[in-house]
Structure formats: structure tokens, C-alpha cells
Amino acid sequence: MRNLKRHSSRKNQNDNVLSQSLAHPSKLRKTERGGFKKPAKATKAAENRRPVHDEKAANDSDDYEEEQMDGDSEAEEVDAAYKEPTVYEDLLKKLGTRNENVAEALRRRQREEQGEGGTDDDTDSNMESISESEEDDDDDDDVGNGVKHGVEQNEDFDRSDVDEDDDEDDDEDDDDDDDDDDDNDDDEDDDGDAMSDTDEESGSRVKDQPLSQASMIISNFDSHLSYKLPSTEVENLLERKWRYTWKMPALNMSNCNWRGTGSCFIEDVDMTSYYGLKPRFYKHWLESYTASGGSDFHQSKQRSFFSICNSYYDIMHHNKKPFYLKGSEEDSSIMDAYLMHSLNHIFRGKDLMVKNERKLSKNQEIVDGQNLEDDACLDRGFTRPKVLILLPLAGIARRVVKRLIQLTPTKHKANVEDLERFYEEFGSGRTESMGDDNDSEIPKSKKSAKPPDFQALLGNDNANDHFMVGVKFTNRGIKLYGDFYTSDVIVASPLGLISKIGDAEVDKEKDVDYLSSIEILIIDHADVILMQNWSHVNTVVEQLNRLPSKQHGTDIMRIRPWYSDGQARFYRQTILLGSHINPEFNSLFNQHCLNYQGKVKLECKYKGVLPKILIPARQIYERFDVESITGADDARLKYFCEKVFPKIKDSIQNGVMIFVSSYFEFVRLRNYLKSQDASYCLFGEYIKPNEISHVRGQFFRGEKKIILYTERSHFYFRYKIRGVQNLIIYSLPERKEFYPEIVNFLEESDNMNCTVLFSRLDHLRLERIVGSTAAKRMVDSEKGVFVFA
């Protein structure tokens, strides 16, 4: 970290401290030793603004220079006002003749006591006095923002009047940096300007209201990260017992409700607060939404989901219609919401750090580490990356990063480094226009037999599942392919991260400590990741928020205490998004997402996909009994061997397809068929491309009686299997859209039958296919056979 400059001598520091305090005399009271200290500030009104779970207030400091770091945000709420002008007059007579700032501050205070407001001329009379009073104004904003443990809620402070002094200091720092070839120093300089994004916000307006007023709200960012987690609450979280206490209808989603733990927050959204967004980002998002033809932003899906994200609850949304299944609008709305939440989180953190940097640079004792007794300047983690976005495929990553750049305000994306390289590696080798908001993500296939959704998801260069890229925001714009330790956002596939974790285990010189300070984890298109290897996701999540093996240049004096206490996982927000629910998703959400804020998840009722079957096939559902979860696989195989396979073996009919949903079941059935000397061929996800035509030909010509076909092979190849006369669905597919596709493989005949095996444990898959009402009846009924025609 760049060394902080000492801007003034000890005498000038004392003069400046006094000049700042004169505008608010109520903040000081006389001590027995002739000095001044701040009175007790735990008033009833201030206590009411703290979160319910906050049981301990921040301790007051006895050193007034340390109070400078805490800020004067609660000046309006202190009960006692010190009124002894003789003490002030004596001090001012001694200091006023030597320091014009002090004399001017006294005159301004006297006018305020007489009921006269300050004029612009008074404000502009002294640059350093203005600088101090502006920080007071920022801290006063924090009173309305519910400051907690000394961390500012308001990052949108205006420093336009001190830019001249800051620029002079920056010029000197830049001269020093020019003599240093270290890239890390250059990165720090970049960040210094990048963090000052609020400099111009006071002059901008949204809804005829100055943007600087948008910071006069409760910042969920600060209230979430500044909360001190008691040990009793940690013990409760580790028990992993969640009680969902409220339910709210999901906006613009029929038959869906949000259910959450704790108290319901959805009803408390304040339209006048810019929904918790930084004003500049809200203005840019609103302009982008309007330009794309949107109307009534308050009722939009992206606004609604952003408000849920901004609560910092763990979220599981499992009914998102993906862009490749004609759900581009809904998918884009959800993506916009979590990207804006990520940007808001990153830049609020940057503004907090730069504000603390300024405070520290003006206080020599704090710089020397003598007065860091509270949480005022504890504003960072072990490493810089704060957001991790896990995505299954490069094509989806291209879509997310492209939109991330579009949603970033113009001030922060003047230049995007390595953009062409990014599109060459993540796209089709061409540079797309970043201004094309209406660019369709579904490419037009050229006489391809594959369906459009397959082309959109896996066509062209989209199928790469091994990637990792860092995104860094600097004063010059956005930098892609930066070092992971200097990036703000990491976009990666589970396989890409698993490779890095494996390399670190083999080579002790390598590490993945950049995962130690992740505060927002987003897993998008989890249903597609399920078609890859879900165990990779579990491994990555277990690797997050561990104590790092090295310091990595971090100022350890400014690390938030819950990082060093090993409690970072209780503050991490996880957002899990997919098109359907799954036991693996539930397990991750319940066992590895331990956010102290709570959980919110979506509950839906399904209509089913049976109407999409185009042929008059009889679908016979046969339920088998299961005594326990651990014995479910054995019970399924036993039922197949005793009830289903003897009919296949005794029949002279060819063209029998056995569909299985997992590779584990594929292996078990393959071994069983082999032991029975059955005539079969295999079409699994690991089949070689040159074997596909041979296997399909064998089955179509009747050379093989049975074909064993997996869901993943259908996902990755999407071939039309001809010659199917009898269909056995050994286990229902995870993806509901595959069910009608598989049933439609049946060739039309007088006896088209489809036999489906299920148990009560298959309720989640069953309701997506036959509908929630029918699924409940089939699971609870005493009968074991159900027919759909």
C-alpha cells in the first residue's frame, strides 16, 4: 500500500482540529485537565436506529484525534451542548492571530449562534476549512444512514472543493510512483482515482433531487459488514436449522412465492432511496432500462430482484427461464439485478476505503497506528476480490461480462483493456459492439438439425467449460485479465477454479488466497453446471473464506475483525440461480450457505410438460417403495430387475430404449445387462464422436435390441434416436424439457408405450413433468400405477 503523506506539522494538526470543531461546539465538553472530549453519544434515538441484532455499541474514544476518524455524524443527536465561550475566546486569542482558518471558523460559529446562515463567500474563504467541514457533512449524513461501529454509511461525499489540494498531493505521489516500476504501485494509483466516483454526483440530479441526497438512507452494505456477530449466534448458525417464517408473492411470477427466515424485508422497499443503489449507478441503470424500451421501473423484475439481492440474504431462485429457452427477457432481468448489486457492493467498499485513507492521511497518530481502537478504519479483507461469479460455459461468461461492462457508468469504463482478447477467447473470435443492447444471444443456425436452444447454449465457441478471468475497475476504466489478487470480480467456471486449487495443492509456491475475502458468491445457470460435475461447486465453496497462507501486501491493521476471527463465511452472501430445484442445490444452500442475515428462496407450483408430447403414447408411471434415501438406488435397480427387465427379455420386440439420468445408474445397468447376456449398445456422455453413428445405426437396423441412453448425452449431443418402439424411463430427467423430447422418440405404431419408474423421493422431478397437483396425488396415493394417455 502506498505510504500515506503527513500533510502538516503537529501544531497545524491541532489548529485544524480546533477549526473543525468550532462549527459544532456541542461535540466537545471540558475536561478536568483543560482539554476537550466528546460527550457520551448513545442516545435513545441513536439506539433505535441500530439493527435489532446489534447488542453492543461502539466504545467512545478518549482521544479527540481518534474521534476525527469516527466522524462527527451524531452531532445533531447529542443531548448536552457545551456553552462556555470564555474558554473558546481564550484559545482563539492565542491561536487566531497565527491561524486565519481558526479565526474564520470562529466568525462562522458566532454567526450561526446568532441565527445567521453561512454564505457562499464564507464557504469559499478558506480551502482547508472547507475540506474539514465537508467531511463533517459526510459524517452527518451517516446519522441518517444508521452508522454502526464507526463505519460510514455514506460513501457519496462531495470533495469538489478539495480537489485542488488533493491534486497537488497526487502529483507529488505520481512523481514518486514514476520512479518506481512496481506494478502494484501503479495499481494503487489507479484505485485512488477509481474510488472517487462520487466527486461529481452532488451536481447531478435524478427525479429533480440532487444525487448526493441519495446517500441519506440506510446502507445495507455498511449495516451488513459492520455487524458484530456474537458467539451464541455463530453456534446457532452452525446447527444449520432454518425456520422460514414469512411468505410473499413473487412479482410478475404466477404461482410463485418468496419464503424467508427472520423478518420480511420485501415490503419495506423505499422508492425515494434509489433502492439502496449508489446514485450514479441508479441513474445509469435507469437510463439503460428506459433506452431499451422498459417502463415502470419500480414494477420491473430487475428492480424487484435487486431489492432482494440488496438485503444481503442468501438467495435461491430456481425457476429462472434461461435465455436459450426463449426466456431472454427474464434471464437478462435477473442478470442485471445481481450485476448491479455486485457493482454497488464493490464501489461502496472503494468509497469507504478512500474516505478512510483521507482521514488517516490527516491524522499522524492514526497513521502511526496508535489510535486504531475501534472499527472506524477497518474496511477491508485479506485480499481484494470481493465478488465471485461461477458460470458453466464460456458463452454465458461472455454474456455476463459484456453486460457488466454495459451496466458500469461511463465514468468508470472510459477504456476497457484486453476486450478483443476476451472476445477471441470467450466468443466467436469477433469483437462485438458494446453499445448493442439488443444483440440476440441466440445465433441463427445454418441448416443445423440441432434445436435453437442447443445452438444458443453449446453452439459455436460457447461450449468451453474451463475458464477464469479477473475484472478490475481502475481510474482508467476496466481491466480484464488482471492478476486475480488485484481484481474486484472473478468470473470463472467450477472446472477452471478446481484446476487452480489442484495446482496449489501440488505446488506449495502457488495458492488460491484470492478466494479468502469473497463477500458475494453468485452461481448462475446452476442447472447447466449440474450437467457437468456438481461436486466441483461444493469443493470451490468449501475453499472460500479460508485464512490465507500469505499476507499479499494487505494492511493488517485495517482488516475487519471477523475476517481474522475466521467468521467470513457467516458474512458471505450466496446467490444460487437455476431453472429448476434439485436435492444437490438444497444441500449446498442448507449446509454451506451460513449467512447470518438469513435465507430467502422461491417456491413454485408447476403445470407440467405433458401437453408438449406430440404423439398418442400411453405413459405408465410405476411407483416403487423406498425405505431410506441411502437405499433408493438399490430399490430402483431391484424393481427394474424383478418387474421390468423380464418383460423385455421375454419379448421379441426390438427397439427398446432405456433412459437414465445419471452416469452412476448408467454403469449399474450396463453391468446388469452384461451379466444377463442381453443384446445392447451404449450411448453415454463419454462416447467418442466416431462411435455415435455406429451405435445409432446398430440400434436403428435392429442389430442391437436395447440402447442405454443418458440424460447428459442428450444434453451434449441432442441427436434424434430412430427406431425406438418401447421406452423405459429408468429415472426421470432433471431437465423437464427433455421429457417430451425423449417420449417423442417413439415411432408411431398401434402400441406405443412409455414406462416410467419413480418413488416418493422423486417428487421434485415428478412435479415439473406431470404438474404439482398430479405429483402430490401420485406420491400420496395408495395405488402404485398411474396412466397418462
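**Interior cavities, helices and cores of the predicted chain**

Helix H13 gives the most to the lining of the second largest cavity, with three residues. The model is predicted; local features are reported where pLDDT is at least 70, side-chain atom pairs count only at pLDDT 80 or more, and totals for chains, interfaces and linings use all residues. Residues are numbered from 1 along each chain as its sequence is written, and side-chain values use heavy atoms, with hydrogens and water left out.

A cavity is defined on a 1 Å grid over the protein atoms alone as a set of points where a 1.4 Å probe fits but cannot get out, and lining residues have an atom within 4 Å of a point. Grid points are joined across faces, edges and corners, and a volume is the space filled by probe spheres set on the points. By this rule, five cavities of 30 Å³ or more are counted. Helices (H or I, at least four residues) and strands (E, at least two) are DSSP runs, numbered from the N terminus.

Helix H13 is largely enclosed by the rest of the structure, because eight of its nine residues are buried, that is, under 20% relative accessible area with a 1.4 Å probe on protein chains only, against over 50% for exposed residues and partly exposed in between. The buried residues of H13 are Gln302, Arg303, Ser304, Phe305, Phe306, Ser307, Ile308 and Cys309. Their cover includes strand E6, helix H12 (279–291), strand E7 (314–317), H14, strand E14 and strand E15 (599–604), judged by contact, meaning heavy atoms within 4.5 Å.

The largest nonpolar core has 74 residues, and those with the most contacts inside it are Trp258, Phe305, Tyr338, Ile389 and Leu480. Helix H14 (residues 328–361) gives the most to this core, with nine residues. Another core, of 40 residues, lies apart from it and has Met657, Tyr739, Phe758 and Ala775 among its members. A nonpolar core is a set of buried Ala, Val, Leu, Ile, Met, Phe, Trp, Tyr and Cys residues joined through side-chain atoms within 4.5 Å.

Strand E6 (residues 256–261) contains Thr261, which is buried with a relative accessible area of 9%. The side chain of Thr261 reaches the backbone nitrogen of Lys599 at 2.9 Å. Leaving aside neighbours within four places in sequence, Thr261 is in contact with Trp242, Arg243, Tyr244, Thr245, Trp246, Tyr313, Gly598 and Lys599.

Most residues other than glycine have a negative phi. Tyr275, although not a glycine, has a positive phi of about 60°. Tyr275 is found in the loop between E6 and H12 and counts as buried at 6% relative accessibility. Lys326 likewise has a positive phi of about 60° without being a glycine. The place of Lys326 is in the loop between E7 and H14, where Lys326 is exposed with a relative accessible area of 77%.

In helix H21 (residues 534–543), the buried residues are Trp534, His536, Val537, Val540, Val541 and Gln543. Among the elements that cover them are strand E8 (387–390), helix H19 (494–506), strand E13 (520–523), helix H20 (526–530), strand E14 (573–577) and helix H23 (583–591). Asn545, with a positive phi near 60°, follows H21.

Over the protein chain as a whole, 30 helices and 22 strands are assigned. Of its 789 residues, 57% count as buried. Among contacts in the chain with a separation of 6 or more, 79% are accounted for by residues 24 or more positions apart.

Key:
Polar contact = N/O pair within 3.5 Å; in protein donor to acceptor, adjacent residues only side chain to side chain. 1 Å grid on protein atoms, 1.4 Å probe; cavity = no way out; pocket = protein on both sides within 12 Å on 5 of 7 lines; lining within 4 Å.
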